[in-house]
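Let me put the thing up on the screen and then walk you through the inside of it.

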Amino acid sequence: MVGNIVNKAMNLTIIGASDMFARGLATWAVAAGHNVTIVGFNRDQAEDLVKMIGSAKAAGPRDPLPDDVIFLAMPYSCVLDARDFYGKQLSGKIIVDVTTPIDLNTFEPVHPEAGSAADEIVKAGFGARVVKVFHPRFAGTLVWEQNSDQETSDVFVAGDDLEAKSVVMQLFEQSGLRPIDVGDMSRARELEAMGRLHVAKRHAMEGGFAAVR
């Protein structure tokens with residue numbers, strides 16, 4: 001199990017391989033020097049992403065989840081499917097939820113019944129140690145490749161499990177980011193609202209909204 005001290009290189013699993021959210025997160029994790037396994041609901045998707053970014057392993061949905069730190073990098077519509085599919089495999093694992101509840105067809109917000117996407121994972125009762133994270137690079141559509149000249153950038157972290165949150169914050173800090181603890185899991189809905197605004201901003205800048213000049 002992951003302890004209080006995090007080494008520079010960690011073994012991370014990223015569930016999701018089909019969109020730019022997964023690509024951006026996987027690119028960051030590999031550039032930060034972590035050992036990354038990418039799980040696709042279709043193994044071919046994971047293998048394609050591995051070929052694109054290099055230095056990662058591909059896995060399919062039927063493969064076990066060996067790593068203690070697991071990132072969810074997928075549209076919100078897939079989060080509950082992943083939660084229910086893996087079920088008890090999530091017990092005791094640190095689940096880093098970077099998802100944004102938004103309808104990607106209309107870019108309208110989605111309001112999870114439990115209050116937030118992170119709360120929906122906790123509510124399932126599988127014993128996952130859920131930490132909610134917001135960082136602009138993980139919420140947008142552009143891929144960020146880390147380099148030595150990159151300025152430290154804030155990443156906001158919320159959760160009720162203090163040890164799990166500490167592990168995630170150390171992970172980000174040692175990867176060149178500046179983690180900010182914004183409180184308990186009740187803050188997840190605010191972080192998800194930030195994610196929705198950021199996605200809307202990116203969509204508008206790319207010509208998605210006529211109001212943008």
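**The core and what runs through it**

So, the largest nonpolar core has 35 residues, and those with the most contacts inside it are W28, I38, F71, V133 and F172. By nonpolar core I mean a set of buried Ala, Val, Leu, Ile, Met, Phe, Trp, Tyr and Cys residues joined through side-chain atoms within 4.5 Å. Buried means under 20% relative accessible area, exposed is over 50%, and partly exposed is in between, using a 1.4 Å probe and protein chains only.

Before I go on: this is a predicted model, where local features need pLDDT of at least 70 and side-chain atom pairs count only at pLDDT 80 or more, while totals for chains, interfaces and linings use all residues. Residues are numbered from 1 along each chain as its sequence is written, and side-chain values use heavy atoms, with hydrogens and water left out.

Back to V133. Which residues is V133 in contact with, leaving aside neighbours within four places in sequence? Counting heavy atoms within 4.5 Å as contact, the list is V96, D97, V98, F138, V155, F156, V157, V168 and F172. Apart from that core lies another one, of 20 residues, including V39, Y76, A117 and V130.

Now, strand β6, residues 129–134: 6 of its 6 residues are buried, so the strand is largely enclosed by the rest of the structure. Strands (E, at least two residues) and helices (H or I, at least four) are DSSP runs, numbered from the N terminus. Both faces of β6 are covered, with R129, V131 and V133 buried on one side and V130, K132 and F134 buried on the other.

Who are the partners? I call two strands paired if DSSP finds at least two bridges between them. β5, residues 94–97, pairs with β6 in the parallel sense over 4 bridges, and I95 has V130 as its bridge partner. β7, residues 154–158, pairs with β6 in the antiparallel sense over 3 bridges, and there F134 is bridged to F156.

Next, helix α6, residues 162–173. A164, K165, V167, V168, M169, Q170, L171 and F172 are buried in α6.

Last stop, L25, in helix α1, residues 20–31. L25 is buried, at 1% relative accessible area. Beyond residues up to four places away in sequence, L25 touches I14, F71, A73, V98 and F138. The C-alpha atoms of L25 and R137 are separated by 7.8 Å, though the two are 112 residues apart along the chain.
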